[in-house]
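Here's a quick briefing to read alongside the model. Have the structure open and follow the topics in turn.

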Amino acid sequence: MATRTDPKKDVVILGLGWTGSILGMELAQEGLEILALERGEDRNTVPDFQYPGVIDELKYGIRYGFMQKPTKMTLTVRHNTEQTALPYRHLGSFLPGDGVGGAGIHWNGHTWRTQDVELRLKSYVEETFGADIIPEGMQIQDWGVTQEELEPYYDRLEYMMGISGKAGNINGEIQEGGNPFEAPRARDYPNPPLDNTYDAELFADAARKFGYHPFPRPAANASRAYTNEYGMQLGPCNYCGFCERFGCLNYSKASPQTCILDALKQKPNFSYKTHAEVLKIEKAADGKTATGVTYFDEKTGDEVFQPADLVLVCTYSLNNVHLLLLSGIGQPYDPATGEGVVGRNYSYQMTGGTALFFKDKNFNPFIGTGSVGMSIDDFSISQIDFAEEGFIGGSYITGGHTGGRPIQQLSTPPGTPSWGQGWKEAAGQWYACKMSIGSHGSNMSYRDCYLDLDPTYTDRHGRPLMRMTFNWKDNDIKMTQFMKGKIEEVAKSMNPDKMASGFKHDGSQYDVRPYQSTHNVGGAIMGTDPKTSVINRYLQSWDCHNVFVMGASAYPQNTQYNPTGPLGALAYWAADAIRKDYLKNPRPLM
Amino acid sequence: MTDIPGRVSRRGFLMGSAASAAYATLMNPSLSYAQGELPPLEEYEPVYFTADEWRFVMAACDRLIPAEGDGPGALETRVPVFIDLQMAGSFGDASDWYMAGPHQPDADPLLGFQSPLTPAQIYRQAIPAFQEWCQTTHGDAFENLDSATKDKALTSLQKGDVALAPELRDFFSFLLQNTKEGYFADPKYGGNYQLKAWAYIGFPGARAAYTEWVTRHNQTYPLPALSISGERA
Ligand SMILES: Cc1cc2nc3c(=O)[nH]c(=O)nc-3n(C[C@H](O)[C@H](O)[C@H](O)COP(=O)(O)OP(=O)(O)OC[C@H]3O[C@@H](n4cnc5c(N)ncnc54)[C@H](O)[C@@H]3O)c2cc1C
Ligand code: SF4
């Protein structure tokens, strides 16, 4: 029960990470009274990401200083509906953010657009290959928006973030040196590509010999000084090698802090509270709208009711789904019957890679940024004949590295003992001589991969934790094994002294321990049918029309790319629908 | 890092540790940043570990990253000090972790850490259990075995051949991970003494600014390692 009720706001934003900051800025321009509630602490480049304190691998890279603390919030995990789910007690496989800026402070910055066919995957597969190639239990869907509709919003996102890259397709004209398989874009990236590290160049040269089309991976690490539409300034990246898992010391990595928040904080109609953990979205008596939210004020210990006309859920995909389940917004998904929607179609990211060791090369691994690298999209979703290969999906493949932080990023060749003199000598001998080629691939959605409330484990407020039921499936393992074949071919052509591959294989089960990606998607998916989606194509709840749910929880299945490009574009797209349509006449937009 | 009441503060030496003349040869030696040597490791008084535990930790680190061969060993780089301070701090007591029950410590390892015990408690309970196994199997406490037998014993521990309660099954992986962390973390945490582990592999530490070096492919970066406190190797 709330111990306090605060004065009503027009808009309450739940979570002040990437999507919360974008929505805050866009709606502040409408003159609305906006309050953002952020559960974690306030964070600013100075003092939080300042040199030299932030260059601390143990504190931030290994002990996860900037990330969600499981003691305050976590979930439980199991492989299938027969198993008992157990808590994700310390971070490993994925690293959700916490505090102002969210995971947007400690991301890498790979900023992609999806392919057109990914947004209408089910239709594309059925039209092109026939519905019968979709395996039993796979539950892919169309998103309800097209790439063409999203193009202007991707453009805004990329210009807001100051992305460094090279266009491959401007209005249908293929551009030399860019990604020829990308969907048409209206103009080039705002900044030129970053300088390539040695490994990226070697990979690109080798890939060209196979007839592939390498291009610079689009990077939210600025390649030069840049000012965005909000007047926020980025300075050129200095390849510090402490990028992902760290806040940027140099105002170079796009983050809510560097691209939005200082401008937003100047708006008198915007305010935010930290240490304010939203516990529940409150519904009106008729259940058709929300009246506001109840949050826990960590500083006073109060439970506060914050009334608002518009509730924007921006708490990161997993937290979004958890909040909807706890608030009773939308019917929970039941895998036994296939009915219900909240929690449906949780999916992840299928990654793998090959390490190459060269006795006579020095890669200076410590010189790197979160996103530098040369990629190919020759084996992307739109380029693969699913019927012939026997799987649905694809990957982008990259040569490059982000840093040489020795606790996390040092690796030794296959056959090296894990300790003792053999390990020590191999560590010294090979530290600078290793490069890798990675595959970043799609993951389809399945009937029995989903999110619901755990029957046993609770959080510090006594509320059920969310439960994840997830495992790798044959389709996606086949996809990654296909990529392994392609990558090893290129790798061998580069003549390394030693080589080692790590890809999921037959029988691989989901392991929560090693880091894989913070690309948890689905569970509050978008679509055009309320029977199979939680939100409509404007990210508006089908159940409560004044609740909009941002983030990768909207993805009906994962794309082959990192999620922030599409979720950022969708945030601008939803903001536009709210500004141009919803505010004038609040109602279900579909 | 907390100072324990009633003990001499160690913060002084940990924060401003010394630089090595030996590794300063790459630079103009007059630029190296020296604050004097720390007292020998043997004189270090552990904050968390008991005397018995400390003998084990010292001996185990000495095998996990031995002095033999190229590169400094774990004792030369004061890795045991790092582990001791980690046990006394928020890692040791799992303060960020979800520790609520019910616990199923023998669960499928793919579902991750499930022990009801914190890392510090795991060290505390697993060390005597492993010592007992060493006594029964090899006839002496771990630290008294010869190097080859120590390596054998650690291999058995790593492979799960030493019968430990399921609550303790992550002991070896913590020990190995913490040893490597102590070797490579910033010296302010008590290990990587005089930045020797960084200097050995060629990691420049906290330099964090390489703009004009990105395109100098396959060349050796010239500056030695730098720590957060400004100490240089
Ligand atoms: C190490 C790492 C590397 C990554 N690299 C990339 C990459 O290269 N490319 C890419 O596309 N993506 C990357 N990501 C993912 C990217 O960070 C996320 O996609 C993005 O930040 C999601 O935006 P969001 O607004 O949904 O969530 P966030 O930016 O995480 O913001 C959510 C905010 O909500 C707050 N919150 C949560 N629950 C509550 C509550 N109950 N009440 C109040 N506040 C709450 C959180 O504290 C957080 O501040 C990476 C992530 C990590 C961790
Ligand atoms: S690599 Fe560049 S963008 Fe990343 S943290 Fe360092 S300076 Fe910032």
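This is a predicted model: local features need pLDDT of at least 70, side-chain atom pairs count only at pLDDT 80 or more; totals for chains, interfaces and linings use all residues.

Residues are numbered from 1 along each chain as its sequence is written, chains are lettered from A and ligands numbered from 1 in the order in which they are written, and side-chain values use heavy atoms, with hydrogens and water left out.

**Ligand 1**

- Around ligand 1 there are 35 residues, and A:T19, A:E38, A:G99, A:H110 and A:T564 come nearest; a residue is near a molecule if one of its heavy atoms lies within 4 Å of it.
- Two side chains put a polar atom by an oxygen atom of the ligand: that of A:T19 at 2.7 Å and that of A:R39 at 3.0 Å.
- From the backbone, a polar atom of A:P563 lies 3.4 Å from an oxygen atom of ligand 1.
- On its own, ligand 1 has 990 Å² of accessible area, and the protein covers 98% of that (Shrake-Rupley method, 1.4 Å probe; for residues, only the protein chains shown count as cover).
- In chain A, α1 (18-28), β12 (276-283) and α14 (564-582) each supply at least two residues of the shell, and β12(A) gives the largest share, with three residues. Helices (H or I, at least four residues) and strands (E, at least two) are DSSP runs, numbered from the N terminus.
- By class, the shell has 13 nonpolar, 18 polar and four charged residues. Here Ala, Val, Leu, Ile, Met, Phe, Trp, Tyr, Cys and Pro count as nonpolar, Asp, Glu, Lys and Arg as charged, and the others, Gly among them, as polar.

**Ligand 2 and the cysteines**

- Ligand 2 has 13 residues around it, and A:N221, A:C237, A:C240, A:C243 and A:C248 come nearest.
- That shell divides into six nonpolar, six polar and one charged.
- A:C243 counts as buried because its relative accessibility is 9%. Buried means under 20% relative accessible area, exposed over 50%, and partly exposed in between (1.4 Å probe, protein chains only).
- Over all chains the disulfide count is zero, where a disulfide is a pair of cysteine sulfur atoms within 2.5 Å.
- B:C134 is in no disulfide, and the nearest cysteine sulfur, that of B:C61, is 15 Å away. B:C134 is also buried, at 0% relative accessibility.

**Chain B overall**

- Chain B has seven helices and zero strands.
- Of its 233 residues, 52% count as buried.
- Among its contacts with a separation of 6 or more, 61% are between residues 24 or more positions apart (contact means heavy atoms within 4.5 Å).
- The chain exposes about 9700 Å², with carbon and sulfur atoms supplying 52% of it.

**Two buried loop residues**

- A:H545 sits in the loop between β21 (498-502) and β22 (547-549) of chain A, and it is buried, with a relative accessible area of 16%.
- The side chain of A:H545 makes a polar contact with that of A:Y582 at 2.7 Å. A polar contact is a pair of N or O atoms within 3.5 Å; within protein, one must be able to donate a hydrogen and the other to accept it, and residues adjacent in sequence count only if both atoms are side-chain atoms.
- Beyond its neighbours within four places in sequence, A:H545 has contacts including A:K288, A:T289 and A:P586.
- A:N364, in the loop between β15 (350-357) and β16 (374-376) of chain A, counts as buried at 5% relative accessibility.
- The side chain of A:N364 reaches across to the backbone oxygen of B:Q219 at 2.8 Å. Its contacts outside four places in sequence include A:H401, A:A432, B:W213 and B:Y221.

- A cis peptide bond joins A:V46 and A:P47, with omega about 15°; A:P47 is in helix α2 (residues 45-48) of chain A.
- The bond from B:G101 to B:P102 is cis too, with omega near -5°, and B:P102 lies in the loop between α3 (79-88) and α4 (119-138) of chain B.
- A:Y64 isn't a glycine, yet its phi is positive, near 60°; this residue is buried at 18% relative accessibility.
- A:Y316, also not a glycine, has a positive phi of about 85° and counts as partly exposed because its relative accessibility is 21%.
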